[in-house]
Amino acid sequence: MKQALRACAAVCALTLSSITTADEFHLYDHKKQCGMEEQRIEPYSQAELDNFLACIVAERDAMGRLMGQWTALDTDLKEQCVAASAEAGRPGIVSYAEVEDCISR
């Protein structure tokens, strides 16, 4: 139960809403990217919680790096990389880590 509460606290602290201005840095929901379901009957296993928290940390770290360079990046490249991330794996969900990888290629 404590582990689930810690996971929920991390989610609440890191869950962000989207900003709609085109060239501003968009904030995406780490919880969705990392696969935490809104409601679930059975408890999460320790491995699931560990994977979820590792994903949250990776997404948060990539977000921080991208925030620092976002305004200096080419608008077309940003749009292309965000669109590619939204189409990969989980449609409509953007991964900062994937966007960062795309931009650095």
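Mentor: Let's start with pLDDT, the predictor's confidence in each residue, given from 0 to 100. This is a predicted model, in which local features need pLDDT of at least 70, side-chain atom pairs count only at pLDDT 80 or more, and totals for chains, interfaces and linings use all residues.

Trainee: What pLDDT does the chain average?

Mentor: The average is 79, and 76% of the residues score at least 70. Over residues 7-22, though, pLDDT stays under 50. For that stretch the model has 26 contacts beyond four places in sequence, a contact being heavy atoms within 4.5 Å. Where pLDDT is low, the predicted coordinates should not be read in detail.

Trainee: What makes the disulfide of Cys34 and Cys55 left-handed or right-handed?

Mentor: The torsion about the S-S bond decides: it is about -80°, so the disulfide is left-handed.

Trainee: Is Cys34 buried or exposed, and why?

Mentor: Buried means under 20% relative accessible area, exposed means over 50%, and partly exposed is in between (1.4 Å probe, protein chains only). At 14%, Cys34 therefore counts as buried. Cys55 has 21%, so it is partly exposed.

Trainee: Which cysteines form the disulfide with sulfur atoms 2.1 Å apart?

Mentor: Cys81 and Cys102, and their distance meets the disulfide definition too. They link distant parts of the chain: Cys81 is in helix α4 (residues 75-87) and Cys102 in helix α5 (residues 96-104). Both are buried. With a torsion of about -70°, this disulfide is left-handed as well. Counting bonded cysteines along the chain, the pattern is 1-2, 3-4.

Trainee: Why is an aromatic pair called stacked or edge-to-face?

Mentor: Rings of Phe, Tyr and Trp (its six-membered ring) pair if their centres lie within 6.5 Å; planes under 30 degrees apart are stacked, over 60 edge-to-face, and the rest tilted. The whole structure holds three such pairs. Among them, Phe25 and Trp70 lie 5.2 Å centre to centre with 90° between the planes, hence edge-to-face. Phe25 is in the loop between α1 (2-14) and α2, and Trp70 in the loop between α3 and α4, 45 residues apart.

Trainee: And what kind of pair do Phe25 and Tyr96 form?

Mentor: Their centres are 5.6 Å apart with 10° between the planes, so this pair is stacked. Tyr96 belongs to helix α5, 71 residues from Phe25. Both Phe25 and Tyr96 are buried, and Phe25, Tyr28, Trp70 and Tyr96 form one aromatic cluster.

Key:
Residues are numbered from 1 along each chain as its sequence is written. Side-chain values use heavy atoms; hydrogens and water are left out. A disulfide is a pair of cysteine sulfur atoms within 2.5 Å. Helices (H or I, at least four residues) and strands (E, at least two) are DSSP runs, numbered from the N terminus.
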